[in-house]
Amino acid sequence: MDYSKENLDELMSTESLTTKQKLDELLRIDCSMYANLGLESTSKETNAVKVLSRKIYKHIKVLDPIMGTSFLNAMDSK
């Protein structure tokens with residue numbers, strides 16, 4: 001499945017989900033995107049995943065500042 005910023009915004013605005021459920025879903029989406037990258041993935045596809053991953057980490061930072069900051073710092077250190 002392809003994910004977009006709109007999917008993430010919709011998830012964040014869903015009031016029926018707890019903070020933990022939102023974190024779990026954001027991490028599941030991030031994991032799924034990276035798991036679906038392969039040797040045949042183009043650099044454009046890889047970069048698109050990285051861009052959306054950064055957006056996911058920014059959403060995580062809203063829900064859990066320490067975790068989100070850690071993920072963003074790890075991404076920046078590569």
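At what angle do α1 and α2 pack, and how far apart are their axes? The close-ups below start there and move on through this predicted model.

**View 1. Helices α1 and α2 pack at an angle of about 165°.** Their axes lie 10 Å apart. Angles over 145 degrees count as roughly antiparallel, and α1 and α2 are therefore roughly antiparallel to each other. The crossing of α1 past α2 is right-handed. From α1, look for L8, L11 and M12, which meet K22, E25, L26 and I29 of α2. Sorted by class, this contact has five nonpolar residues and two charged ones, with no polar residues.

**View 2. Helix α2 also packs with helix α3.** Here α2 covers residues 19-35 and α3 covers residues 43-63. The angle is about 165°, and the axes are 10 Å apart. As a result, α2 and α3 are roughly antiparallel to each other. This time the crossing, α2 past α3, is left-handed. On the α2 side you will find T19, K22, L23, L26, L27, I29, D30, M33 and Y34. They meet α3 residues that include V49, L52, I56, Y57, I60 and L63. The contact has twelve nonpolar, three polar and three charged residues.

**View 3. The largest nonpolar core is built from 15 residues.** Good places to start looking are L8, L26, I29, M33, I56, Y57 and I60, the residues with the most contacts inside this core. Each of four helices, α1 (5-13), α2, α3 and α4 (65-76), supplies at least two of the core residues. The most come from α3, which gives five.

View 4. Leaving aside residues up to four places away in sequence, L26 touches L8, L11, M12, I56, H59, I60 and L63. Two of the residues in view, L11 and M12, belong to α1, while H59 and I60 are among those that α3 brings to its contact with α2.

**View 5. L63 is a residue of helix α3.** Is L63 buried or partly exposed? With a relative accessible area of 22%, L63 is partly exposed. Setting aside residues up to four places away in sequence, L63 touches M12, T19, K22, L23 and L26. For a sense of distance, find E25 as well: L63 and E25 are 38 residues apart in sequence, and their C-alpha atoms are 12 Å apart in space.

Terms used: Residues are numbered from 1 along each chain as its sequence is written. This is a predicted model: local features need pLDDT of at least 70, side-chain atom pairs count only at pLDDT 80 or more; totals for chains, interfaces and linings use all residues. Side-chain values use heavy atoms; hydrogens and water are left out. Axes are lines fitted to C-alpha atoms, for helices over the stretch in contact, and angles run from 0 to 180 degrees between N-to-C directions. Angles under 35 degrees count as roughly parallel, over 145 as roughly antiparallel, 65 to 115 as roughly perpendicular and the rest as oblique. A crossing is left-handed if the near helix is turned anticlockwise from the far one by less than a right angle, and right-handed if clockwise. Contact means heavy atoms within 4.5 Å. Ala, Val, Leu, Ile, Met, Phe, Trp, Tyr, Cys and Pro count as nonpolar, Asp, Glu, Lys and Arg as charged, and the others, Gly among them, as polar. A nonpolar core is a set of buried Ala, Val, Leu, Ile, Met, Phe, Trp, Tyr and Cys residues joined through side-chain atoms within 4.5 Å. Buried means under 20% relative accessible area, exposed over 50%, partly exposed in between (1.4 Å probe, protein chains only).
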